[in-house]
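Here is a short report for a first look at this structure. Keep the sequence and the view at hand while reading.

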Amino acid sequence: MRITTETRQKNASSSNAKKQTPVPHELPRKVLHAVGQMNCGGIETWLMHLLRTTDRKNIAMDFLVHTLEPGFYDEELRDLGAKLVFAGSQFTPATLTRNFGRTLAKNGPYHTFHSHVGHFSGYLMSLSRFHGIKTRIAHSHNDWKRADHKASMPRRAYLTAMNSQIRINATHGIAPSKKAASSLFGPNWQRDPRFHVMHYGLDFTPFSTRINRNDIRTSFGFTPENHVFAHVGSFSSQKNHTFLLDLMQQITRHSPECRLLLLGDGPLRPQIQEKINALNLSKSVVLAGVRSDIPQILRAMDAFIFPSHFEGLGIALVEAQAAGLPCIISNSIPNEAVIIPELIDSLDLTQNNLQQWTNACISALHRPKIAQKLALRAVQASDFNIVRSSQLLQSLY
């Protein structure tokens with residue numbers, strides 16, 4: 001259903017919603033991020049990098065969530081002075097129309113509303129505009145075109161309505177890559193000065209701390225003879241663990257000493273564990289779960305595999321390059337994520353191409369290494385530096 005201005009006003013009126021009191025110009029400027037839940041995903045991890053490095057005398061951030069279940073970053077978030085703002089059990093028009101005004105009155109006023117929830121940002125842009133929030137940012141974090149192409153007719157109508165509302169009501173639209181921008185803002189997004197690409201900024205300090213490589217590897221059961229590939233990502237269809245496990249089966253047939261470390265968790269974990277057992281890979285694949293020490297772990301690995309069906313960017317790939325790892329990736333990954341081309345092998349993602357992936361992975365173990373310090377220096381000098389990213393965002397806020 002297309003959400004019109006008349007519908008918004010009617011819904012807001014029916015819930016006795018009132019526009020928030022205008023935000024005073026003195027600092028700090030208050031920003032409300034819409035995220036769903038602050039778990040250990042790529043978007044949330046980037047937001048935590050941003051929160052840790054932002055001067056809270058200038059910018060104060062809160063996070064709009066739709067669950068009271070504890071998130072991975074909740075405790076740290078509160079320690080840093082941010083609030084978790086509960087908007088109701090689900091991000092739906094009915095729930096938010098009913099609760100949004102009260103939420104703003106209790107926790108605001110806010111100068112900026114920054115939405116990270118994909119197409120539903122369209123409704124949030126409309127709602128935040130009605131409630132008088134001056135700066136409204138729709139942030140596209142993924143390339144949904146592959147999934148949207150297979151959508152049902154009702155789903156396509158919803159997507160059309162949401163994209164239209166973003167174009168009508170957003171004051172800014174940002175994305176980490178051209179693919180992600182086109183997915184949410186339309187194929188002609190570059191003609192609109194409100195929309196632009198802005199890379200994620202990360203704090204790469206943990207990549208320069210001292211580590212004991214052998215201790216890290218031993219903690220996962222790896223021996224000095226093992227060659228270990230790493231993968232970081234949620235256990236979801238997007239990350240393509242099925243292909244990854246088929247690939248690992250081929251690799252171990254050629255090189256039995258090879259191992260795979262899976263970092264992350266998600267709804268498909270039971271199916272992934274089942275396939276590991278079916279392929280007799282239980283001794284070759286380690287499921288490490290969600291970890292807060294990814295930079296240290298990556299630096300103890302030998303190579304990185306990233307066969308995603310699609311990505312808005314691929315923060316894990318940026319981190320793997322900061323660790324100096326050879327990276328074998330699908331050609332679905334946006335070019336913007338490639339910082340050090342010498343580390344990257346980009347391949348077609350087809351089952352018929354499994355042997356080529358196998359050869360590339362094995363070859364990556366034996367190619368000349370780039371010193372991790374040099375790799376880190378190159379990544380730190382890129383647009384992915386947290387200082388640069390933070391400055392750009394604060395200029396919007």
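Asn280 is exposed, because its relative accessibility is 67% and the cut-off for exposed is over 50%. This model is predicted. Asn280 sits in the loop between helix H11 (269–278) and strand S10 (285–289). Its phi is near 60°, a positive value in a residue other than glycine. Most residues other than glycine have a negative phi.

Asn240 also has a positive phi, near 65°. Is Asn240 buried or exposed? Asn240 is buried, because its relative accessible area is 7% and buried means under 20%. The loop that holds Asn240 runs between strand S8 (227–232) and helix H10 (241–254).

## A cis peptide bond

Now turn to the loop between helix H4 (93–107) and strand S4, where Pro109 is placed. A cis peptide bond joins Gly108 and Pro109. Omega is about 0° there. Most peptide bonds are trans.

## Strand S4 and its partners

Strand S4 covers residues 112–115. Which strands pair with S4? One is strand S1 (residues 29–36), joined to S4 by 4 bridges. S1 and S4 run parallel. Val31 has Thr112 of S4 as its bridge partner. Another is strand S5 (residues 135–139), also joined to S4 by 4 bridges. S4 and S5 run parallel too. Two bridge pairs can be picked out here: His114 has Ile137 of S5 as its partner, and Ser115 has Ala138 of S5.

How many of the residues of S5 are buried? The count is 5 of 5, and S5 is mostly covered.

## Ile43 in helix H2

Ile43 is placed in helix H2 (residues 42–53). Which residues does Ile43 touch, not counting residues up to four places away in sequence? Ile43 touches His116 and His141.

Ile43 and Asp148 are 105 residues apart along the chain. Their C-alpha atoms are separated by 20 Å.

Helix H14 spans residues 354–364. Its buried residues are Leu354, Trp357, Thr358, Ala360, Cys361, Ile362 and Ala364. An α-helix has 3.6 residues a turn, so residues three or four places apart point the same way. What do the buried residues of H14 pack against? They pack against S8, H10, strand S11 (303–306), strand S12 (327–330) and strand S13 (344–347).

Take Thr358, which lies in H14. Thr358 is buried, because its relative accessible area is 2% and the limit for buried is under 20%. Not counting residues up to four places away in sequence, Thr358 touches Leu247, Gln250 and Ile251.

## The whole chain

Along its principal axes, the C-alpha trace spans about 65 × 45 × 40 Å. How does the radius of gyration fit? A compact globule of 397 residues would have a value near 21 Å, and the chain has 22 Å, which agrees. Among contacts between residues at least 6 apart in sequence, 72% join residues at least 24 apart.

Buried residues make up 56% of the 397 residues. The accessible surface comes to about 17800 Å². Carbon and sulfur atoms account for 51% of that surface. The chain carries 44 positive and 29 negative side chains. The centres of these two sets lie 7 Å apart.

Definitions and conventions. Residues numbered from 1 in each chain as written. Predicted model: local features only at pLDDT ≥ 70, side-chain atom pairs only at ≥ 80, totals over all residues. Heavy atoms only, no water. Rg over C-alpha atoms; globule rule 2.2 N^0.38 Å. Buried < 20%, exposed > 50% of the residue type's maximum accessible area, 1.4 Å probe, protein only. Contact = heavy atoms within 4.5 Å. Areas by Shrake-Rupley, 256 points an atom, 1.4 Å probe, with all protein chains shown as cover. Lys, Arg positive; Asp, Glu negative; His and termini not counted. Charge placed at Lys NZ, Arg CZ, Asp CG, Glu CD. Pairing = 2+ DSSP bridges.
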